[in-house]
Amino acid sequence: MSCEIIKMNDNTWRIEDNNHVRFFLLTGEEKALLIDSGMTVSNAKDIAAELTDLPIELLNTHADPDHIASNHQFETFYMSSAEASNYYNVQKRQGQFIPVHEGDVMDLGNRPLEIISLAGHTPGSIGILDVNGRMLFSGDPIQDGMIFMFGQQREMHAYRASLKELMEMEDRFDTICPSHGTCPVDKEIVAKLYEVSADLRSGVYPSFPMNFNGKDVTCVDAGVAKYLLD
């Protein structure tokens, strides 16, 4: 297990977890926030504490296992209520979550962060808009890598609705920082994902069967990203 820590600016770090997923540390004048807690690491809070002396809180973009590995280090954490079933029933994790909703603002001290709903990849997937820094931390739904849309909790209609709503607020951010794939990516990727996601099952894009962790899925290469579908 290994992590690469990359400083993005004076108060933002991305932590690359063994080339599988990344999580982020954001600091303000009063406190720090981890966005997700890794996949293979169990000490994300300790990693963050090496970078800041501020008190550290945790927010999860969603409850898939590659984002919650170090949640046990926190007595409480922030998460959408729509992720509770995934977190407690599917992933069998413990701990007390504090619900966040679209439009909520978490202020780290002169650094307001706004919660953006990005439902579809999971019911409670969220993005975090760094209002002053004009960066969107998008979790899994917005990326140029591999977007998982297979299984009961994934829903394409909700995903496309989230993309459409995000396009309507593109004037509020300049770059997107996803949990997978390239980081950062240009905000134009949102419109491209919306366009291609309408035709994923039409045969327009090349596709091939693959087995992912024992699950037979179809990988559709839409150019801007690959989608894994049932």
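**Helix α4**

I began with helix α4 (residues 189-197) of this predicted model. I list its buried residues as I189, V190, L193, V196 and S197; buried means under 20% relative accessible area, exposed over 50% and partly exposed in between, with a 1.4 Å probe and protein chains only. Looking down the axis of α4, I find these buried residues within an arc of 135°, so they line one face of the helix. The arc is taken from the directions that run from the helix axis to the C-beta atoms. A reminder to myself: an α-helix has 3.6 residues a turn, so residues three or four places apart point the same way.

What covers those buried residues? My list includes β12 (146-149), α3 (156-167), β13 (175-178), β14 (185-186) and β17 (226-229), with contact meaning heavy atoms within 4.5 Å. Helices (H or I, at least four residues) and strands (E, at least two) are DSSP runs, numbered from the N terminus.

**Ground rules**

Residues are numbered from 1 along each chain as its sequence is written. The model being predicted, local features need pLDDT of at least 70 and side-chain atom pairs count only at pLDDT 80 or more, while totals for chains, interfaces and linings use all residues; side-chain values use heavy atoms, with hydrogens and water left out.

**The largest pocket**

I looked up the largest pocket next and noted a volume of about 650 Å³. Of the 27 residues that line this pocket, the closest to its centre are D64, P65, F148, R154 and F212. The elements giving two or more residues to the lining are α2 (84-90) and β12. By class, I have 10 nonpolar, 12 polar and five charged residues in the lining.

For my own record, a pocket is an open set of points on a 1 Å grid over the protein atoms alone, where a 1.4 Å probe fits, with protein on both sides within 12 Å along at least five of seven lines; lining residues have an atom within 4 Å of a point. The volume is the space filled by probe spheres set on the points.

**Strands**

I traced an open sheet of six strands in the order β8-β9-β10-β11-β13-β14, with mixed pairing. β8 (105-107) and β14 stand at the edges with a single partner strand each, so one side of each is left without a neighbour in the sheet. Strands pair if DSSP finds at least two bridges between them.

Inside this sheet, β9 (residues 112-117) and β10 (residues 126-130) pair in the antiparallel sense over five bridges, and I128 in β10 is the bridge partner of I115.

I then turned to β17. It pairs with β12 in the parallel sense over four bridges, where M146 has K226 as its bridge partner. β17 also pairs with β16 (residues 215-221), in the antiparallel sense over four bridges, and there C219 stands opposite L228. The hairpin of β16 and β17 has four residues between the strands, and G223 takes a positive phi near 90°.

Most residues other than glycine have a negative phi, and most peptide bonds are trans. Which loop holds K92? I found K92 between α2 and β7 (96-100), with phi near 60°; at 63% relative accessibility, K92 counts as exposed. N110, in the loop between β8 and β9, likewise has phi near 60°, and N110 is exposed with a relative accessible area of 56%. The peptide bond from C183 to P184 is cis, with omega near 0°, and P184 lies in the loop between β13 and β14.

How values were computed:
Nonpolar A, V, L, I, M, F, W, Y, C, P; charged D, E, K, R; others polar.
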